[in-house]
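User: I would like to learn how to read this structure step by step. Could you take me through some questions about how its parts are arranged?

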Protein chains: 4
Amino acid sequence: MQEPSRPTASPERPERGASAARAFWQQRFAEVRAHTLRLASSLSAEDQCVQSMPDASPVKWHLAHTTWFFETVLLPRSPLAYQPFDASFAYLFNSYYEALGPRHPRPMRGLITRPSLAEVMAYRAHVDAALDEAIALADETTWETLRPILLLGLNHEQQHQELIATDVLHLLSCNPLLPAWQAPAPTQLRLAEDRHTGWIEMPGGIVDMGRDLPQDARGEHDDDFAFDNETPRHQVLLRPYAIADRLVSCADYLRFIEDGGYRTASLWLSDGWAAVQSNGWRHPAYWLASDDARLALQPQHGAAHTGPGWQVFGPHGLRPLDPGAAVAQLSFYEAAAYAEWAGARLPTEAEWEAAYDAPGIRGMTGEVWQWTRSSYDPYPGFRPLPGVAAEYNGKFMVGQVVLRGSSQATPPGHARPSYRNFFPPAARWQFSGLRLAKDL
Amino acid sequence: MQEPSRPTASPERPERGASAARAFWQQRFAEVRAHTLRLASSLSAEDQCVQSMPDASPVKWHLAHTTWFFETVLLPRSPLAYQPFDASFAYLFNSYYEALGPRHPRPMRGLITRPSLAEVMAYRAHVDAALDEAIALADETTWETLRPILLLGLNHEQQHQELIATDVLHLLSCNPLLPAWQAPAPTQLRLAEDRHTGWIEMPGGIVDMGRDLPQDARGEHDDDFAFDNETPRHQVLLRPYAIADRLVSCADYLRFIEDGGYRTASLWLSDGWAAVQSNGWRHPAYWLASDDARLALQPQHGAAHTGPGWQVFGPHGLRPLDPGAAVAQLSFYEAAAYAEWAGARLPTEAEWEAAYDAPGIRGMTGEVWQWTRSSYDPYPGFRPLPGVAAEYNGKFMVGQVVLRGSSQATPPGHARPSYRNFFPPAARWQFSGLRLAKDL
Amino acid sequence: MQEPSRPTASPERPERGASAARAFWQQRFAEVRAHTLRLASSLSAEDQCVQSMPDASPVKWHLAHTTWFFETVLLPRSPLAYQPFDASFAYLFNSYYEALGPRHPRPMRGLITRPSLAEVMAYRAHVDAALDEAIALADETTWETLRPILLLGLNHEQQHQELIATDVLHLLSCNPLLPAWQAPAPTQLRLAEDRHTGWIEMPGGIVDMGRDLPQDARGEHDDDFAFDNETPRHQVLLRPYAIADRLVSCADYLRFIEDGGYRTASLWLSDGWAAVQSNGWRHPAYWLASDDARLALQPQHGAAHTGPGWQVFGPHGLRPLDPGAAVAQLSFYEAAAYAEWAGARLPTEAEWEAAYDAPGIRGMTGEVWQWTRSSYDPYPGFRPLPGVAAEYNGKFMVGQVVLRGSSQATPPGHARPSYRNFFPPAARWQFSGLRLAKDL
Amino acid sequence: MQEPSRPTASPERPERGASAARAFWQQRFAEVRAHTLRLASSLSAEDQCVQSMPDASPVKWHLAHTTWFFETVLLPRSPLAYQPFDASFAYLFNSYYEALGPRHPRPMRGLITRPSLAEVMAYRAHVDAALDEAIALADETTWETLRPILLLGLNHEQQHQELIATDVLHLLSCNPLLPAWQAPAPTQLRLAEDRHTGWIEMPGGIVDMGRDLPQDARGEHDDDFAFDNETPRHQVLLRPYAIADRLVSCADYLRFIEDGGYRTASLWLSDGWAAVQSNGWRHPAYWLASDDARLALQPQHGAAHTGPGWQVFGPHGLRPLDPGAAVAQLSFYEAAAYAEWAGARLPTEAEWEAAYDAPGIRGMTGEVWQWTRSSYDPYPGFRPLPGVAAEYNGKFMVGQVVLRGSSQATPPGHARPSYRNFFPPAARWQFSGLRLAKDL
């Protein structure tokens, strides 16, 4: 372990006006980094070490990997004569960047009990200090290079903040005791929303979608930011369609279950039906039916607060199903089957984006990601970013499905209309739900 | 086993003009059915019984399944008081139609040594006779119902004709002796094509793609036919692009191999690179390097006709690599990596279709299916056919990639500009290759 | 393909007395080889080509492999200038002899549709003719070398005769139609045996078991033969014990099932209980409960001859359970659980062998192999045979369990008191049952 | 959580003489329990939580499970009105006792981040206090019941002490940094032992082996203890044999490696050769060849103390191979192949036990467990203990191989001549090595 190094040569100091901008970014950096730690603050070292499935990662790994990103991609381009905190971390905490050398196999991330959580915390502090210094000391030319990387790194860390939430929940959901991640919230059942779905009619025609990167990446504020997979801004031709003004709720989804949705092959895509049968799916991933054996292991088992019906596992532990809440932890297969059952369909991502600001529309962000009926293909004219960032998004563009919006686990300021989230169609440990659409 | 039954009631006989049309369809039916048998004619009962992998099916199963389709979907709607040839065949030879009851598991199709090939041949003859009679005897109203089913059944059988070819080749490729399916063709190496690729510039804009079904399905001739996944005809907005005037050849692909294509992670999609590493891919599925151990088992091992370089396994057995032939038996991953290496990309299916009749373009059909950069999603406005045919295409629309064109194994008359073939991105036992495109 | 070759040099002709002995062996050889073909005679080429699981082999492979053994191990030591029938067969039909070079992977034996069954039949005839000639023409010194190999080869072929029976039954049992291997036998239910089990008391003490090879291998007749795993003859010390005078019957085993045997963990070995749960075992492998869905596919479904109760699949197809027949197609786990339930245990192989000729004992051979409570370990002083035969038995001596006796599928003359059959404890496609024992 | 409860009724107090005996057992109990904690004392909560493979368990689980055993089997029979510490622990920490209800699946033990390590420590303290009280307060009749359970529980905990050592080492060996479990020991290479192996000749004949339980279980001291699988004491008849006076050393084993042992099929059992090929075994599990990529991640990489040759991972981290140390972390397959290569064989367990006190024999205990050539079968007359303990040993008696002796990880006082350890033949994360034997 070493202290962040002073620059080897005295750099041209940033000017005063620039200085205010640097302070802005120093603070922004500090805030994002602190939010990550806040997410982990209620978790023990044990909680942060274990990997619950190959698709998920330990929190400690997320803490280290996001740090590694800044250390590996930004600091070598900074004026600091920075030396890596620990030479082995490049091997341990690289996620999937082939260009950055060999790395520890993903399914074995949970076996890394050393370095300890405390060492990873020290790693974070060390890199944080170096970053702070690099932001302050870079001359303007260097800063023009660093700022887009910083912005990418912050957005990268925000993505991992959401994964910390969903990966922790998955881990805790594998514990038959179903422990709560966060302190229990006061039990306040929302009344079930009125079941009426309003349909917002959209005229179609040629619409713009996506984002252009070049100017954004040099924008002064991070709401100018976009990932490369959102680029370029381009036009698509839409037919007239209607989109639901609200998300599908737990009450809605319960009707699908009670109507035999999980037993009716004709509602399902072929791969979806196979998944239902081989995995024994009968409800969303974190729902517990009233005869679930794990309920007997709950400390206040039988107490009034759990109630007689469905329970849903979430950040606050087990809670009675909230009929008005958006259904979550759905696979694409389940979302598509529900839509078929409801006599509707999922929107395409272009339809979703075109309706983003439609008057009367609710729940586009902040509750659940919404599965679309669009496979994750490149936009016309898409080219990956140059350099290391080339591996950021483009190489995953096959076999996955696009989700739009954002969820309760998405950090503030990270959502935008053009954001393209993506997961394999069978994934169901995310805050993933749906909104209906139909042809006109 | 039973004889095809006479109609229970004397139907209204078709009129004379209609009679000529019926004769046309009787002949068309006979031709398609005969072509299937021709494909199998050089194969022993053993060859036709075995299943080489879960994705492939035995030839005997193809022979029976295509027959079952006519027996189950068409004959019950015909005027004949038809009784099924064997009550158990509905269980044995249903492929994936949930609406038609339980069925024999796909990976166990190769264990069905009984019924024998001879019995399946008798089954075919029995159903053929019934079909011939049903076409002749149906009154006009019934005929309006039967004809679209007949058309669908014939196109369905043509699809299986191609699968017979590719599944047999896969089976024979698993035999270390690499026996030839068909009599050896005279060795006549084509000279390598001029390597120059012409780029055809396409202006983009709003183009029509796909097909409308209703009128087609009632067309008098089967070139009016389309599958439901090609519908509806709709407009898309394209950017200007260029498309190669020819297919990627074996000589082209060999340069990619020799340039380390299979060792360069940055060329590959993430899932593709994982497939390369876990499967040890080093070349297309049916290529044999000169040090392949199976060459020692060849009867004329060392003889001049095999030569010193790459060998390619195909319908005529092992042949020296033909530099000018279209490269085939590629996965989507390999096609995409090649395009990346070549500084180009794959066309979208809309781009492919818009260029179908472009002046100077070659090889759009009849050589290899061409992987596109389009996931297999539904077209806007797509609805599956009603009834049993609903399960024909729509339920497979996730996790697969579209191929366009047709191959040397596609039966004559089965290709059309709007045809959407689809396979998972890792599939590489088809005659699947590629054509390049690029942005303008 | 070639004709069996004449000897290159004129050998010393065997003398007259020897000549009679040679004729004996020529006839013996012809009989064993003919019996193999008789087993396959009711099977189609399709039946003989397919492999139903990695543990089983196609009949065609058995036909070729037993021939390959004579061709590879005996003929090169004979006076004939023999050339292999086909150079590739050494690769295709070697089973597991590392010393004899690389070989086709076992799980892929069913993909070898070429060579055809007809070619394998020609291979057999070719090698048969060469063997016949080799036996006749060998001089006495050579004959001393050949005879033990011939004897081993014949016993080897007899082992494969039993595997042909059990592998074919397994294949047919995977066909939902459950076709019969052999012509139906007249339905003649044996009356259930008296359930009384007589216990034969054995005094224990020092007993001899096993066989000595050297003199045996040179015996004039094949009842002198033993495999190396039966050697050497040695003494063991037994405690007094009792052994049942009869096999466990289907009626006995049915009581175990009806008493909840498959649901009672405490009766089972740990691995056995895991197998019950993961495989869903509820009865012996070839029993069908009256609600088995496959019964609906039987042609005479509902006819009186199947009856309302349990059906058992066997060489003659489906038959009503015969209460007095020995229970078969049991794993070791099931045999051990049954014995536990019955308040008894399985005999050790030494106990079994010591009781072989006990007065009053029945069913030691000819019905079912009997699982013992002895793992398949080497006898004290065991050394594998020299040369290729070293791989015959010894290298399998771990992880398997010994069965004793013989079954209805064992060819006549192949059983003897010291015979050690062995299978993994989960295997249950053999004619494997049990006999009880207990301490005194 | 609750305090250990006082007895509900005032028990008959133990008499004075008895009182001294009780104090002995209180101390013995405290010592064994403290030793377990000592083993874990250098491990972080993270280290103790993770499960490195399904065959291994987390240290925290071992800590809890051994406690659960006392709580569940002993305390309900004690005079205390004991209430379980936490009702859910019966589910979480039952290992495999079917009679004690359902339990958490073994491969998911590593996902139990809650209860935390601190809670498990509190659980231990709580049960320790209750045990101490129960020992003191039990009347004599109750004590006669409790003492054998206590003895069993202590021996059970000692077995888990060894598993803690081997499971921790396996976990750390999966970390590419190869961290040390214990503080580095001073580097003091033992000189390679003289390679001469002395052969101790044993006469054979009838020998006694095993142990009788009834009197042992009531013995005053735990050196009277034996597990049920060592019973009953019985006689076996041995042939004359010779046994090596020392263990096979790392230097010995290195010669096997250098002579191509891992490339020579004829040395291996069939399953062993398959394991070599499918797992890529080239040396014992914890040996690192000098080109091992993990060496580059070592902090003092290149430093003199690692040296140029083989490194061996162990409790003190990476150390240069010690030629005179007993080879360890071997599977049975490797031990058997080594013996074959050395022209010898493994001893049977009876031979091993008969030679236990032979003059001149060394290393029978305290270095490595020694694979024998005996499958883990029941002794003649073996009956499992009644009650819960019935599941302790007997149900694992198939598919495993016996090891004899004890290792450096075995707690003091836990070894004895009749001890039967057992593992599947492929296991190689134990301190398992071998000693040679041969026929005379």
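User: How far apart do the C-alpha centres of domain 1 of chain A and domain 2 of chain A lie?
Analyst: This is a predicted model, in which chain A is divided into domain 1, covering 16-174, and domain 2, covering 199-284 + 326-439. The distance between the C-alpha centres of these two domains of chain A is 27 Å.

User: Which element gives the largest share of the side of domain 1 of chain A that touches domain 2 of chain A?
Analyst: Between the two domains of chain A, 20 residues of domain 1 are in contact with 15 residues of domain 2. On the domain 1 side, the elements of chain A that give two or more residues are helix 1 (16-40) and helix 6 (140-174). The largest share of that side, eleven residues, comes from helix 6 of chain A.

User: Is helix 3 of chain C roughly parallel or roughly antiparallel to helix 5 of chain C?
Analyst: The axes of helix 3 (residues 59-74) and helix 5 (residues 117-137) of chain C come within 10 Å and cross at roughly 25°. Angles under 35 degrees count as roughly parallel, and therefore helix 3 of chain C is, relative to helix 5 of chain C, roughly parallel.

User: How many nonpolar residues does the contact of helix 3 of chain C with helix 5 of chain C have?
Analyst: Residues of helix 3 of chain C, including C:Leu63 and C:Phe70, meet residues of helix 5 of chain C, among them C:Val120 and C:Leu131. By class, this contact in chain C has one polar and three charged residues, while the number of nonpolar residues is eight.

Technical notes:
Residues are numbered from 1 along each chain as its sequence is written. Chains are lettered from A and ligands numbered from 1 in the order in which they are written. This is a predicted model: local features need pLDDT of at least 70, side-chain atom pairs count only at pLDDT 80 or more; totals for chains, interfaces and linings use all residues. Domain bounds come from an automatic or database domain assignment. Two residues are in contact if their C-beta atoms, placed from the backbone, lie within 7 Å. Helices (H or I, at least four residues) and strands (E, at least two) are DSSP runs, numbered from the N terminus. Axes are lines fitted to C-alpha atoms, for helices over the stretch in contact, and angles run from 0 to 180 degrees between N-to-C directions. Angles under 35 degrees count as roughly parallel, over 145 as roughly antiparallel, 65 to 115 as roughly perpendicular and the rest as oblique. Ala, Val, Leu, Ile, Met, Phe, Trp, Tyr, Cys and Pro count as nonpolar, Asp, Glu, Lys and Arg as charged, and the others, Gly among them, as polar.
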